[in-house]
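This report examines selected features of the structure shown below.

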Amino acid sequence: MHPVSHQHQPTYTHDATACEECDLLVPATTLAVGEASSCPRCGHTLSRHLPEQERRPIAYGFAAIIMFVLSNSFTFMSFSAKGVGQEMTFLQCITTLVDQGYLFLGAVLSLTLIGLPLVYIGSIMLVLWRVDKDLHSNALRSLGRLLCRIKPWLMVDVFLIGVLISLVKLMGMADIKMGLSFWAFVGYTVLLIKMISSLDRMWLWQRLFGPSELHGLTVEDDEASAMTSGLVGCHICGALSEAGADSCKRCGDHLHSRKPGGLNRTWALLFTSVILYIPANLYPIMDTVFLGDDSPSTILGGVVLLWAMGSYPIAAVIFFASVVVPLVKILALLWLCYMVQRGQGASPLGKLKLYRMTEFVGRWSMIDVFVVAILAGLIRLDNLMTIYPGPAAVAFAGVVLITMVAAMSFDSRLIWDLQQGERERE
């Protein structure tokens with residue numbers, strides 16, 4: 001298929017598709033600008049007709065790149081205590097970790113804050129800029145698939161919250177000033193979020209390669225799923241294909257009626273995260289050396305210290321994001337896997353809402369890791385005070401990343417398969 005050229009239209013008709021969360025077949029739907037299409041069974045948003053989808057992401061992308069360059073050109077934060085001061089650039093959050101031997105943490109920060117966001121921005125701008133030009137179709141497909149896969153791993157907004165928490169932690173012990181690069185990073189974060197929210201995935205694929213072959217599919221049964229209808233929906237572009245097809249004809253991604261590995265992959269990832277969760281909470285996540293006195297601090301120890309200092313909101317945020325969220329996410333996914341394996345199909349919508357919650361909150365647990373990276377990069381006053389990352393920082397980052405992968409590997413459509421089986425037995 002070749003890229004299709006369309007003029008700006010007041011309406012847009014998205015393909016017939018299968019909901020990626022419950023597998024319900026949804027017919028092609030016409031949307032006016034500003035309207036969205038949702039799955040009638042589970043409420044998952046399928047597609048949105050956003051204004052100026054070819055121009056706004058490019059404009060936001062150019063502005064975001066400028067802000068990113070500025071965020072690396074000046075002082076990010078400065079710290080002074082008892083006449084001794086230290087300045088930090090944005091990149092020092094990463095280089096300090098690498099210099100101290102924490103290569104894994106340095107790699108995580110490099111990818112989530114610099115590498116993947118820049119790849120995402122560049123890919124969107126290239127795809128939209130070349131949409132009516134002669135960029136090879138395989139290159140467009142590769143870039144489009146890349147966009148969909150790296151989106152969950154962009155964490156600049158989580159890092160910004162970590163900066164603000166670090167600021168509150170240090171305000172009582174020193175004079176903290178935010179440099180020009182900090183304000184540029186705030187602009188970079190806002191522009192990246194605006195860029196992501198200004199483009200719809202299904203619209204993009206139809207804009208590039210036109211409607212799928214089953215665009216005009218008629219759905220006669222309101223409760224029909226793609227699998228029971230002999231079809232399979234693509235998780236990347238939303239196109240429907242006949243069951244048994246190896247790859248999507250529109251985007252080229254590998255097709256699977258249900259995620260490969262089943263529950264076994266999710267079980268394995270969850271048990272790994274449980275093992276890592278123990279040292280993440282027992283060992284120090286941060287080590288503060290003040291006038292030769294070594295004071296290691298665990299996650300809970302940091303929460304208690306903030307509470308004692310009177311920073312109740314920040315202590316609550318750290319406790320919720322770093323202690324409650326990872327534990328609740330692990331328990332929720334374990335419970336979902338257990339219920340699906342036992343064949344308990346009651347209340348599928350309630351189970352799906354629980355799954356959505358685990359997917360949404362998981363990345364925010366990285367706040368504590370980012371706080372440690374910021375403090376270690378900023379506070380390096382050798383004769384007065386220095387902060388080092390603790391061994392728990394690596395374990396905790398592993399918990400967050402592995403639970404995110406575990407949530408992605410869990411197939412929520414299995415929840416609805418149980419209800420479908422109960423309907424067929426009645």
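## A buried charged pair

Asp15 is buried, with a relative accessibility of 0%. This residue belongs to a predicted model. The side chain of Asp15 meets that of Arg250 in a salt bridge, with an N to O distance of 2.5 Å. Because Asp15 sits in the loop between strand 1 (11-14) and strand 2 (17-18), and Arg250 in the loop between strand 11 (240-242) and helix 8, the pair ties together parts that are 235 residues apart in sequence. Arg250 also counts as buried, at 2% relative accessibility.

Side chains of opposite charge can pair when their charged atoms come close. In the whole structure, a search finds 10 salt bridges.

## Further salt bridges

A salt bridge also joins Arg201 and Glu20, whose closest N and O atoms are 2.9 Å apart. This pair links distant parts of the chain: Arg201 is in helix 7, while Glu20 is in the loop between strand 2 and strand 3 (25-26), 181 residues apart. Both partners are partly exposed, Arg201 with a relative accessible area of 24% and Glu20 at 25% relative accessibility.

Arg55 and Glu52 form another salt bridge, in which the closest N and O atoms are 3.8 Å apart. In the pair of Arg55 and Glu52, Arg55 is exposed at 54% relative accessibility, whereas Glu52 is partly exposed at 35%.

## Annotated transmembrane regions

An unreviewed UniProt entry places the feature "transmembrane region" at residues 58-81, 101-129, 150-168, 180-197, 267-286, 306-339, 360-381 and 387-410. Two of these spans can be compared with the model. Residues 180-197 are 100% helix and 0% strand, and their end C-alpha atoms lie 26 Å apart. For residues 267-286, the corresponding separation is 30 Å, and the span is 80% helix and 5% strand.

Helix 8 (residues 262-282) contains 21 residues and reaches 32 Å from its first C-alpha to its last, close to the 30 Å expected at 1.5 Å a residue. Its buried residues include Leu263, Trp267, Leu270, Tyr277 and Asn281.

Helix 13 (residues 391-409) has 19 residues, and its span of 27 Å from first C-alpha to last is close to the expected 27 Å.

## A buried loop residue

Leu199 lies in the loop between helix 6 (180-197) and helix 7 (201-209). The residue is buried, with a relative accessible area of 11%, which is under the 20% cut-off. Not counting residues up to four places away in sequence, Leu199 touches Arg48, Leu50, Gln53, Pro57, Ile124, Leu128 and Leu204. The C-alpha atoms of Leu199 and Glu54 are separated by 8.1 Å, although the two residues are 145 residues apart along the chain.

## A nonpolar surface patch

Ile66, Leu70, Phe74 and Leu180 make a nonpolar surface patch of about 380 Å². Among them, Ile66 is found in helix 1 (residues 56-71). With a relative accessible area of 51%, Ile66 is exposed.

Notes
Residues are numbered from 1 along each chain as its sequence is written. This is a predicted model: local features need pLDDT of at least 70, side-chain atom pairs count only at pLDDT 80 or more; totals for chains, interfaces and linings use all residues. Side-chain values use heavy atoms; hydrogens and water are left out. Helices (H or I, at least four residues) and strands (E, at least two) are DSSP runs, numbered from the N terminus. The expected span of a helix is 1.5 Å times one less than its number of residues. UniProt positions are given in the numbering used here, feature names are shortened, and annotations may be inferred rather than shown by experiment. Patches are made of residues with over 30% relative accessible area and no salt bridge: like charges are joined within 9 Å, nonpolar side chains (Val, Leu, Ile, Met, Phe, Trp, Tyr) within 5 Å. Accessible areas come from the Shrake-Rupley method with a 1.4 Å probe; for residues, only the protein chains shown count as cover. A salt bridge is a side-chain nitrogen of Lys or Arg within 4 Å of a carboxyl oxygen of Asp or Glu. Buried means under 20% relative accessible area, exposed over 50%, partly exposed in between (1.4 Å probe, protein chains only). Contact means heavy atoms within 4.5 Å.
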